[in-house]
Amino acid sequence: MERGHTIGPGLVQVIKESRVSIVVLSKKYASSGWCLDELVEILKCKEASGQAVLTIFYKVDPSDVRKQRGDFGNTFKKTCEGKTDEVKQRWSNALAYIATVAGRHSLNWFVFSLGSMRANEAEMIQKIAIDISNKLNVTPSRDFEGMVGLEAHLTELNTLLCLESDDVMMIGIWGPGGIGKTTIARALFNQLSTNFRLSCFMRNLKGVDDWDSKLYLQNKLLSKILNQKDIKIHQLGAIKEWLHNQRVLIILDDVDDLEQLEVLAKETSWFGSGSRIIVTLKDKKILKAHGINDIYHVDFPSEEEALEMLCLSAFKQNSPQDGFEELARKVIKLCGNLPLALRVVGSSLYRESEDEWRLQLYGIETNLDRKLVDVLRVGYDKLLEKHQSLFRHIACFFNHKSVDYMTAMLADSTLDVKNGLNTLAAKSLVYISTNGWITMHCLLQQLGKQVVVQQSDEPGKRQFLVEAKEICDVLANETVRSYLYILPIL
């Protein structure tokens, strides 16, 4: 819009519709009545609608602006000549207020280099752009609108990330399979990526068994973050070489091997000032081994949040349809409040009758959905055989029992119960309370029992028997193998 002596209604409307106003206060700022009127309108919007306002003091002292003194004050007095007292007071009040708003100061733009001071305006401009991006990205992307509990997760993570710090930070997002780590990480990436010149979200990380696989992973990361398909690297120091002076955002999703972190983000020195590296995974030990101590634990939703998640999939609304609330709460209990299970089961129940709901409730109790099995089994399959055995013991006999009781019952076995429990807890497969009680999620428990059943079509050839009828049949028919466990603890 063309500048004039007064601001017109068009500009007033533009100011009202803006989400952020940036006021650049220079030595000659007060020479323009047009600028001063614009400032008055900006502050009106800030007061009326909470509009964000950023200030930049360019070669001018904030106290001179506040008190209208010095060269800035002399310029202001000339502009006020011939104006009414009302206008002069309005301008003076606006300047006094804007000088108190926290902002960037040009005195901080200088760095000491080679014995002299030089202005580092490029760096400061980047920081200002980040400030603005932070103001503009206070809500999740529309791609994630309506996702229950997401905003609370993002708020906690933004606090943990300390985006205003210039330090390079690595943080972990940790939790069991199906809890929503990838969804949260995706939403966080959408919210933050505009704050960084370079950013990438990496999924489906391959194993790193040899030099070629390590090189492949580094090549993949650099290609994604630099948006160049033809990048070819020939040595493993390439990430540090390319990114050590770049402010980057990198999310490594579903890491399951410490080597993956060593290859892609071994040290903070690989990345430029202000970089953020975020890792999602099920195994807390990987984070600890890599020296990542800032960890966000994704916990299960509350019962009311779980109900809303189920209803959004089953009814396309936030609450149950009339007559379905009791059934919905039974589904939640059987799903153990696991978000993935709630979405999968809810989608399968969409537009179904009450009778179909009851039928599927029985199905959930006896058989896991294939999608759930695929997600839940990943953690189990990656365990050592001795830890898989411990997992099955807990699923069949020791869920909701004390650690001491389990240790005593398995004292004569070859299982290292204490270390095994620590491993399962770190991988989010069990939870050990502070008073020593073992809890395995109901769906993981069902998975463990299914694994045992799948050992053989003949119950007597399985590791455990837990169903009363099968136990009676096996003993009556003398088909039990000599090392079958039938523990007297049910």
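In helix α1 (residues 9-17), Leu-11, Val-12 and Ile-15 are buried. Buried means under 20% relative accessible area, exposed over 50% and partly exposed in between, with a 1.4 Å probe and protein chains only. These three residues cover an arc of only 105° around the axis, which puts them on the same side of α1. The arc is that of the directions from the helix axis to the C-beta atoms. An α-helix has 3.6 residues a turn, so residues three or four places apart point the same way. On the other side of α1, Pro-9 and Glu-17 are exposed. The cover over the buried residues of α1 includes α2 (33-49).

The model is predicted; local features need pLDDT of at least 70, side-chain atom pairs count only at pLDDT 80 or more, and totals for chains, interfaces and linings use all residues. Residues are numbered from 1 along each chain as its sequence is written, and side-chain values use heavy atoms, with hydrogens and water left out. Helices (H or I, at least four residues) and strands (E, at least two) are DSSP runs, numbered from the N terminus.

The axes of helix α13 (residues 303-314) and helix α14 (residues 325-335) come within 10 Å and cross at roughly 110°. Axes are lines fitted to C-alpha atoms, for helices over the stretch in contact, and angles run from 0 to 180 degrees between N-to-C directions. α13 and α14 are therefore roughly perpendicular to each other. Angles under 35 degrees count as roughly parallel, over 145 as roughly antiparallel, 65 to 115 as roughly perpendicular and the rest as oblique. Contact (heavy atoms within 4.5 Å) involves Glu-303, Glu-304, Ala-306, Leu-307 and Leu-310 of α13 and Ala-328, Arg-329, Val-331 and Ile-332 of α14. Six of the residues in this contact of α13 with α14 are nonpolar, none polar and three charged. Ala, Val, Leu, Ile, Met, Phe, Trp, Tyr, Cys and Pro count as nonpolar, Asp, Glu, Lys and Arg as charged, and the others, Gly among them, as polar.

α13 also packs with helix α15 (residues 339-348), at an angle of about 30° and with the axes 7 Å apart. That makes α13 roughly parallel to α15. The contact residues are Ala-306, Met-309, Leu-310, Ser-313 and Ala-314 of α13 and Pro-339, Leu-342, Arg-343, Gly-346 and Ser-347 of α15. Six are nonpolar, three polar and one charged.

The axes of α14 and helix α16 (residues 354-366) come within 11 Å and cross at roughly 15°. α14 and α16 are therefore roughly parallel to each other.
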